[in-house]
Amino acid sequence: MTAKLIKGTEIREEILSEIEEEVKKIKEEHGQVPGLVTILVGESPASISYVTLKIKTANRLGFKEIQENQPEDISEEALLALIDKYNNDDSIHGILVQLPLPKQIDEKKILNAIDPDKDVDGFHPVNVGRLMIGGAEVRFPPCTPAGIQEMIIRAGVETSGAEVVVVGRSNIVGKPIANMMLQKADGANSTVTVIHTRTKDMASHCKRADILIVAAGVPGLVKPEWIKPGACVIDVGVNRVGEKISEKTGKKIAILKGDVDFDAAKEIAGSITPVPGGVGPMTITMLMKNTLKSLKFRLGIA
Ligand code: NAP
């Protein structure tokens, strides 16, 4: 069997077009656009490149976009004051603080200072609680898990009654996606198992999975013989395993591999996400969706 490829790059374009349309309509009917502020502290090249991509996407969609680039030695008080300023700015619907933050700043304190109704990353404890309760309580599902669920739905994979096995229990991927898939809701209603480093006999759990979601950060962790024939395999892992020269730019770029042995797995799975080009492009897309949702909540049209 050769698995159907679930391409994040294609699904991203579909969703961004939908958001663009909705932004135009809301602007016409309500005279407002989603507002996103990105707060970047310091000059880490990785953080700059993530923030640049977020800004570019927000601009493309017609959002109001504010960049707050702050020096590496900013104090915690000054950063808290900046968050307070945007918590009280009615034209801003999403506040994004790019992580990691420098050592002098307590990351938890900063994230908890964001108004939960503007926490489009979905990391605030209030939003984690809302996600756990499910249904109408949910405001902002965290972006990577939201992207994973969207890919599964748009690939037409049946989730109701499906055995979902999640490898990894982090707060940003494993735990929230496990929670989302077990909710009594469309695109969920699954029976969920979560695997971690203390799990005995990982293989036996993975072999049961109709939907296998792998977010461990270990290249090639999931072996092809662990995959149930016809299963949907979502590989969240992004692992740098070397460098190569880009044919497009002639510059050095990282060679990325997922947590699944893709070449062998695609001969067994029914559908599978590639790395790169799978889950990766979905995260920023869902951040934009959450920012639009925040405006819709404010307008009472969500
Ligand atoms: P993390 O915080 O390091 O968590 C990894 C989880 O995997 C932990 O729960 C760990 O178990 C489990 N694990 C690690 N090795 C394992 C093994 N050999 N057997 C079983 N379980 C194992 O990682 P994360 O932030 O969730 O990210 C996971 C991967 O997804 C990374 O490659 C990351 O780069 C990628 N990622 C991609 C995106 C994106 O594409 N947009 C977004 C986020 C993350 P313990 O809890 O027992 O330690």
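Let's start with helix H2, which gives the most to the lining of the largest pocket: eight residues. A helix here is a DSSP run of H or I with at least four residues, a strand is a run of E with at least two, and both are numbered from the N terminus. What we have is a predicted model, where local features need pLDDT of at least 70 and side-chain atom pairs count only at pLDDT 80 or more, while totals for chains, interfaces and linings use all residues. Residues are numbered from 1 along each chain as its sequence is written, and side-chain values use heavy atoms, with hydrogens and water left out.

So, how much space lies in the largest pocket? About 1800 Å³. A pocket is an open set of points on a 1 Å grid over the protein atoms alone, where a 1.4 Å probe fits, with protein on both sides within 12 Å along at least five of seven lines; lining residues have an atom within 4 Å of a point. Points are joined across faces, edges and corners, and the volume is the space filled by probe spheres set on them.

Besides H2 (45–60), the elements supplying at least two lining residues include H1 (8–30), strand S4 (94–97) and H10 (282–299). The lining divides into 26 nonpolar, twelve polar and nine charged residues; Ala, Val, Leu, Ile, Met, Phe, Trp, Tyr, Cys and Pro count as nonpolar, Asp, Glu, Lys and Arg as charged, and the others, Gly among them, as polar.

Now the second largest pocket, at about 630 Å³. Of its 27 lining residues, those closest to the centre are Val138, Pro141, Gln149, Glu150 and Lys293. Here H10 gives the most, with seven residues.
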